Amino acid sequence: MKAIAQLYTNASIAAIALILACRTTAMGQKNSFSRERFHIQVDRAQASICAADGTSDGKFTPYPNNDKLNKVSNKAIGKQVDRVQKAIERTDLNNNEKIGFLRGLYELLYAYKNAYLSKDITGALLANTIKGYQDAMDLEIQHKDISPVLIGNKAEVAALLAVNFAFRNNPGKPGFQYILVKKEITAHPEKALYILSKNSDFPATDSVVSIVARKDAGVVYDYASSTTMLGEHIRKSKDPLVALIARIATTRSRSGKHVGTLIMPFLDDIMAGNVDIDAVKASLNDPVKNFKLLVQTEIHYAAMMMKKDTPLALGQMQNRLHAVGVENFINKINGLHEKPNSVRYACLKPLSAIDLYYLIVNGEIELYTSSYVNGKDYGIYNLLWQKAGKKFTSDSLLMKVYFDKYKKWIKMAANYNTLDNFLSRMEPVNARQLMRAFVRGLDKGTGKDSLEDAVDVAGSYASIKDPQISELVLHEVQSQLKAARKEGDVKKFNIYDILNTLFLSMDPGNKINLSERLGIGPVYSMPLQMLQDSGGRIIIQQFTYGDEDGRANYANFMHAVSGAGWKSSANKYWSKVQSTSGTPIVIYTNKPLDGKEELDDKAQKALDAYLSDNHIHPTMVLHRGHSYYLPSTIKQLAPTARVVLLGSCGSFQSLSDVLNIAPQTQIISSKQTGVGDLNLTLIMGMLNTLKKGDNLNWVKLWQKFTKALSKDSRFIDYVPPYENLGAVFYMAYRKLQDKEKEKEDAVEADKAAISMN
């Protein structure tokens with residue numbers, strides 16, 4: 001960058017300081033006064049990128065723990081940009097042409113910064129972006145097509161160059177669109193139709209739609225039912241599959257209502273001639289009939305998958321099974337939890353044992369503990385076996401559904417403490433074989449849920465009570481790990497290596513430090529400093545709800561923090577509790593206003609808005625409500641949360657939902673019944689520990705809690721953070737994915753031929 005201290009003396013000192021800090025060495029080149037302001041624009045763009053990493057140190061260091069890539073990125077924004085500026089000035093171009101390239105350069109830098117902040121491009125690709133600009137500029141000066149530069153770079157870089165001001169009149173401009181579309185579709189096949197919708201004249205539209213239809217029929221349906229130009233194109237398709245999807249998308253009921261989304265799950269069976277559209281339409285007004293038809297079709301799809309043939313509408317079928325099951329059966333059972341069992345479970349009478357299986361595996365999140373198992377005779381699990389009959393075995397059940405979602409079934413059985421019962425209903429040799437299969441093939445998942453089976457296996461291990469089964473599972477994990485090492489399969493190795501480490505860590509005698517071994521944050525403790533903000537405060541948000549239990553929980557909490565060392569204040573919607581000694585702690589808890597009038601929801605939203613407007617970021621979140629309120633709490637969860645208490649029944653089933661929002665959080669949950677008094681004991685124990693200035697040592701705290709709550713048998717079902725192995729697995733694997741991405745970035749940076757000297 002060039003010295004600018006003599007220019008624009010009215011510029012702010014802070015802005016100039018940042019620009020000077022971000023630069024490397026002055027070019028020492030005399031520039032025309034008419035172009036100097038454009039060089040200053042480049043300098044400012046450089047400073048803007050330096051600040052985009054969230055630090056004000058005058059450097060661009062986008063990687064937390066990768067000095068090599070930080071060096072590449074920082075050199076790109078400094079020396080490489082300076083060299084481009086210098087190259088522009090050295091050319092024989094006229095003044096206006098030089099201004100055009102300088103304008104293109106600073107516009108490129110700002111465009112890169114916006115893409116980086118939107119997470120659409122990585123830090124190291126700045127080097128490729130600058131080199132790409134230099135290469136394209138060289139061709140532009142010769143009046144040559146810059147398409148080779150676009151083709152030779154990744155889609156993210158090509159997209160920035162193709163729309164740049166400097167190349168607006170390039171002779172290859174008419175073909176840029178098609179190059180970008182091809183590159184974008186190749187890089188992001190899951191967005192192919194979205195990309196086509198923005199490029200309606202793309203010549204290969206029919207071919208792309210046909211390919212997508214056989215990989216993701218649902219997205220073709222979405223566009224077929226739209227009024228877009230692409231939707232019109234799809235509705236005119238001659239491809240038989242695309243035409244059928246379009247026909248379904250435009251199907252209406254007798255009343256004229258669109259019902260395509262309710263028919264789409266049956267796409268594969270309609271194609272196979274197992275059912276027709278009219279038969280599906282006829283079932284829509286009868287929830288029992290419709291659910292049974294969905295189950296029947298899902299079983300057909302499971303049979304297809306056993307033959308390695310993935311149904312086109314599998315995702316739509318599973319979503320619809322979940323929706324119909326929850327709306328018409330699970331919600332009814334949950335809602336009647338205070339009624340006699342004969343009333344509560346009456347809606348299940350028309351359903352078969354197989355139907356109940358699908359209710360369970362598709363209702364993991366919504367099921368109350370007492371809806372799953374309730375004493376010896378009630379709960380969906382017990383009713384399933386009553387309907388099945390005494391001679392019906394567990395392996396018979398799984399064979400009838402072609403082992404569809406059996407890993408989810410086993411995970412839920414382990415978490416609800418019914419796994420021993422389930423395994424006892426088959427021959428021991430079959431039980432052992434089933435548990436081996438439970439652990440195998442965890443690397444075969446694809447798409448956004450590709451890790452679901454692995455997370456389920458990790459999350460269920462700590463719940464297995466039979467030591468022989470635990471040993472068998474561990475042995476199978478180690479066998480798969482050995483095979484992965486021999487095969488050189490990186491994904492498979494990573495999955496089983498993490499699982500092996502997690503399972504071995506359950507034995508204290510192995511003395512495994514998960515944080516060190518897996519390269520993740522703390523597992524067995526939460527350091528005080530990780531909960532504190534820049535002012536040393538710990539901010540806590542507590543969610544309460546306006547039913548009878550919620551009001552009692554709120555009152556008991558406020559009483560517990562009413563003594564010495566605490567003070568409180570309140571307004572219409574929330575209370576604020578502060579420590580007056582020790583570590584500064586501030587707790588915001590919404591008031592449990594009338595839930596029937598949704599006033600508690602209004603209070604929570606008012607508190608959320610206050611925290612957001614005042615840049616207050618909770619690092620601890622407490623859910624104080626029944627399980628049917630849990631989705632609402634999770635939806636409002638602060639991504640900054642580092643400790644989360646899920647104080648409701650069966651909250652152990654919701655770990656992945658929490659981690660999707662706050663991936664670094666440690667979670668306390670319950671596999672069975674969440675109890676207000678138990679939750680309060682845990683909360684006050686944590687608060688008092690933090691108030692003293694101590695870290696949250698989960699092992700010591702849990703020993704203390706176990707001793708204090710030994711008379712309450714329900715506490716045994718509470719799970720401390722270090723036993724939430726599914727959560728730990730997720731964090732560890734995500735860390736590995738970040739490292740793999742950095743490796744890709746390093747390869748791309750090498751392509752940019754940036755000198756490290």
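I shall speak about the nonpolar cores, then the aromatic rings, and finally the charges placed over rings. Please keep in mind that this is a predicted model.

Let us begin with the cores. The largest nonpolar core contains 156 residues. Within this core, Leu348 and Phe729 have the most contacts. Which residues does leucine 348 touch, leaving aside those up to four places away in sequence? They are Phe329, Ile333, Leu356, Leu359, Ile380, Leu383 and Lys387. Another core, of 46 residues, lies apart from the largest one. Phe38, Ala127, Tyr133 and Leu139 are among its members.

I turn now to the aromatic rings. How many aromatic pairs does a search of the whole structure find? The search finds 26. Consider phenylalanine 403 and tyrosine 406: their ring centres are 5.7 Å apart and their planes stand at 90°, so this pair is edge-to-face, a label given to planes over 60 degrees apart. Are these two residues buried or partly exposed? Phenylalanine 403 has 31% relative accessibility and therefore counts as partly exposed, whereas tyrosine 406, at 13%, counts as buried.

Finally, the charges. Arginine 168 has its charged end over the ring of phenylalanine 165, at 3.9 Å from the ring centre. In the case of lysine 691, the charged end sits over the ring of tryptophan 566, and the distance to the centre is 5.6 Å.

Thank you for your attention.

How values were computed:
Residues are numbered from 1 along each chain as its sequence is written. This is a predicted model: local features need pLDDT of at least 70, side-chain atom pairs count only at pLDDT 80 or more; totals for chains, interfaces and linings use all residues. Side-chain values use heavy atoms; hydrogens and water are left out. A nonpolar core is a set of buried Ala, Val, Leu, Ile, Met, Phe, Trp, Tyr and Cys residues joined through side-chain atoms within 4.5 Å. Buried means under 20% relative accessible area, exposed over 50%, partly exposed in between (1.4 Å probe, protein chains only). Contact means heavy atoms within 4.5 Å. Rings of Phe, Tyr and Trp (its six-membered ring) pair if their centres lie within 6.5 Å; planes under 30 degrees apart count as stacked, over 60 as edge-to-face and the rest as tilted. A charge sits over a ring if NZ of Lys or CZ of Arg is within 6 Å of the ring centre and within 35 degrees of the ring normal.
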